[in-house]
Amino acid sequence: MRIIKTKSYEEMSKKAANIIASVVTLKPDCMLGLATGSSPIGTYDELVKKYEAGDLDFSEVTTVNLDEYKGLPKENEQSYYYFMHEYLFDKVNINPEKTYLPDGTNLNSEEEAARYEALVQSLGTVDLQLLGLGRNGHIGFNEPGDHFEDGTHCVDLKESTIEANKRFFESADDVPKQAYSMGIGTIMRSKKILLVVSGEEKAQALKDSIYGPVTPEVPGSILRFHPDVTIIADEAAMSLI
Ligand code: GLP
């Protein structure tokens, strides 16, 4: 596990984008696992800048996203489909047919989880999985619990996650109560993992993930068992370490 401490969110984002850019440069037809939330927005902005400067080509890249809210249509501004198009897909030369997310509009949880898991596996191995960390230590939408889920599944979101994510919605009541998420097994099968963490409200979750016991109570702690993890965290997120 490599831990890179940065002075700011901006520096974190630049360093993360450099790592992703190196993967795309070395393997133009790579498969990227992508994340949503406020943590990776700066990373996507930096990737867009590199593309606009002519330094990056996404035409052969395939992407699979970690998660999606159950019940939100694609055109809903809070859907992760909308987010990915807004911050990355519509700004670079990626082939939209090679970008995949769980389908939030499929309300049949078992069917959608099985479909997405089979799809991700059929596409091959994720070369680099980008992750953020939830305030309660979640990765993707793998919430704290008594076991690690292997494959894609439907999650009942924790109150603390609904509370943390309500800033993007009109009220907590508007935050969907369920989501589809890749499982811990799906994430751990990626060749490389890149975790970006910013802000004081993540400091405890980051400390617990790096130094606490490896436990499903802190889903991020499982990353210690992965052979190629890079964590880029700003000073605020590292403040308890
Ligand atoms: C969200 C997402 C995660 C994300 C995390 C942190 O609920 N499902 O993939 O990493 O919570 O979000 P943020 O970066 O906005 O703090």
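This briefing looks at the ligand surroundings, the annotated active site and the annotated domain of the structure above. Please keep in mind that the model is predicted. According to an unreviewed UniProt entry, the active site consists of Asp67, Asn136, His138 and Glu143. Two of these residues, Asn136 and Glu143, are followed up below.

**Around the ligand**
- The ligand has 13 residues around it, and those that come nearest are Gly37, Ser38, Ser39, Gly132 and Gly134.
- By residue class, this shell holds nine polar residues, three nonpolar ones and one charged one.

**Asn136**
- You will find Asn136 in the loop that runs between strand 6 (128-131) and strand 7 (153-156).
- Asn136 counts as buried because 20 other C-beta atoms lie within 10 Å, and 20 or more is the cut-off for that class.
- Leaving aside residues up to four places away in sequence, Asn136 touches Pro144, Lys158, Ser160, Thr161 and Ala205.

**Glu143**
- Glu143 also sits in the loop between strand 6 and strand 7.
- With 21 other C-beta atoms within 10 Å, Glu143 is buried.
- Its contacts, again not counting residues up to four places away in sequence, are His138, Val155, Leu157, Lys158 and Thr161.
- One of these contacts, His138, is itself listed for the active site in the unreviewed UniProt entry.

**The annotated domain**
- The unreviewed UniProt entry lists residues 9-224 as "domain: Glucosamine/galactosamine-6-phosphate isomerase".
- That span, residues 9-224, is 34% helix and 14% strand, and its end C-alpha atoms are 23 Å apart.

How values were computed:
Residues are numbered from 1 along each chain as its sequence is written. This is a predicted model: local features need pLDDT of at least 70, side-chain atom pairs count only at pLDDT 80 or more; totals for chains, interfaces and linings use all residues. A residue is near a molecule or strand if its C-beta atom, placed from the backbone, lies within 6 Å of it. Ala, Val, Leu, Ile, Met, Phe, Trp, Tyr, Cys and Pro count as nonpolar, Asp, Glu, Lys and Arg as charged, and the others, Gly among them, as polar. UniProt positions are given in the numbering used here, feature names are shortened, and annotations may be inferred rather than shown by experiment. Helices (H or I, at least four residues) and strands (E, at least two) are DSSP runs, numbered from the N terminus. A residue is buried if 20 or more other C-beta atoms lie within 10 Å of its own, exposed if 12 or fewer, and partly exposed in between; C-beta atoms are placed from the backbone. Two residues are in contact if their C-beta atoms, placed from the backbone, lie within 7 Å.
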